[in-house]
Amino acid sequence: MQKSTIQFLLINCFLAIVLVSCGSVTKNYTPKKLDKTAVEVPYFADSKTDYVYKTNITVYGHELSGIFIAKKVNDTTHRVVFTTEFGNKLLDFEISEKTFKVNSIVSELDRKILINTLEEDFRLLLKNKYLIQEQFENGESVIYKSEDGKRDNYLFFSKKDQKLEKVVRSSKTKEKITITFTLENDKFAEKVVILHQNIKLKIALNYFKSE
Amino acid sequence: MKTKLYIFLFLNIFSISIFAQEQKMTDAEIATFKQDVNVVSKKIKTLSTDFVQYKHLDFLSKDIETSGKMVFKEPALLSWQYKKPYNYSIVFKNGKILINDEGKKSAVDIGNSKIFARINKLIIGSVSGNMFDDKEFTISYFKLKGQNLAKFIPKDATLKKYIKQIELTFDKEEATVVQVKLLESSEDYTRIVLKNKVINAKIDDSVFTN
């Protein structure tokens, strides 16, 4: 009897912990009825546009700068290149929802952990269609939840103008990556910040018009 | 059918004219050309020039264009400053690289770093034209209309990883560099056009602070 009570208490405690942690990502949001089942993101989706951004990367206190270039090369795939200001190519990827190919990378950056991190970041940045399972809201935003394997992506649309301003990628318990967009117009992000919560990495992109 | 033939002929003529433009120099012409460039580059104590940089990537619809000003002072002070579309400058000075990125300043001590010493030498060599080092490069020489062209293939394996080939285009009369082209692969390159060049004007050392 006593044994089973302890077990019961333990399970209850465990459940409570799980429930609390589960709720931590969305705990400040109010659940809403789903008003759509899919969301499209246009910011890197035009195959005619060369997306060219001046980039500053801060990683564990070190600063790196250069030029980030992305282009949609076919229906599923983006080409992503990062160069120095002088134009030397540092890395060159091809990335889609399911595939990832390194065309070239300088030996200084050729680290598995770095490549995996960038793969996850760029895939999230360039993803242009999300299937939605849940919907929430808070003061400023309508929030859509899109499941993605072990992770969940939360898309924050501003209530004021219905624009996607933020994407949060999280585990069941913790936010991992936050991407914020500063928009020039409906289809185009002038500024993008990719911020990691679990490692000290921040990637800031500022669009520049080539003259 | 007829149009196809015309297009074919046109393309043929076009490609012939491209090849006709780039003609190999004779040994005597190479000797004269090298001497002309050496005489001019030996006289260079300071040099400042505007530049436009075109980054060509095969998959892009347009080259990425940036521009600014480059200043060199003997023996090894170099400032490379982008002004459009952003402010970014890099100064090579006494074994240090000073960077100013939109007001954010940083410095890298390159000390005895061989690769940076080589890059520094390469940039100065590219702009002044004095780069005819057979130990470092396999060099070939060509004539163009009103211009000369030298192609440098690095011999060093480390350098070769970054740059497949460097092409310097010289004005025939002045024997100075008007264009630098750095090829990373056959499809991707950086082309830098130099203009408004001023040689041996007085340049204050304060230019090379960041």
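This report describes a predicted model with chains A and B, taking confidence, chain A, the interface and chain B in turn.

Residues are numbered from 1 along each chain as its sequence is written, while chains are lettered from A and ligands numbered from 1 in the order in which they are written. Because the model is predicted, local features need pLDDT of at least 70 and side-chain atom pairs count only at pLDDT 80 or more, whereas totals for chains, interfaces and linings use all residues.

**Confidence**

The model scores ipTM 0.81 and pTM 0.84. Chain B has an average pLDDT of 85, and 87% of its residues score at least 70; pLDDT is the predictor's confidence in each residue, from 0 to 100. Residues 8–18 of chain B have a pLDDT below 50, and this stretch has zero contacts in the model beyond near neighbours in sequence. Two residues are in contact if their C-beta atoms, placed from the backbone, lie within 7 Å.

**Chain A**

Chain A has two helices and 15 strands. Helices (H or I, at least four residues) and strands (E, at least two) are DSSP runs, numbered from the N terminus. Of the 211 residues of chain A, 25% count as buried, that is, with 20 or more other C-beta atoms, placed from the backbone, within 10 Å of their own.

Two strands pair if DSSP finds at least two bridges between them. The table lists pairings from both chains.

| Strands | Sense | Bridges | Partner residues |
|---|---|---|---|
| E3(A) and E4(A) | antiparallel | nine bridges | Tyr51(A) and Ala70(A) |
| E11(B) and E12(B) | antiparallel | five bridges | Lys181(B) and Arg191(B) |

The hairpin of E3(A) and E4(A) has two residues between the strands, and Tyr60(A) takes a positive phi near 45 degrees there.

**The interface**

Contacts link 22 residues of chain A with 20 residues of chain B. On the chain A side, strands E3 (51–59), E4 (62–72) and E5 (78–83) each supply at least two residues. The largest share, five residues, comes from E4(A). By class, this side of chain A has seven nonpolar, five polar and ten charged residues. Ala, Val, Leu, Ile, Met, Phe, Trp, Tyr, Cys and Pro count as nonpolar, Asp, Glu, Lys and Arg as charged, and the others, Gly among them, as polar.

**Chain B**

In chain B, twelve strands form an open sheet with antiparallel pairing, in the order E1-E8-E9-E10-E11-E12-E2-E3-E4-E5-E6-E7. Its edge strands are E1 (23–24) and E7 (104–109) of chain B, each of which pairs on one side only.

Note on methods
A residue is buried if 20 or more other C-beta atoms lie within 10 Å of its own, exposed if 12 or fewer, and partly exposed in between; C-beta atoms are placed from the backbone.
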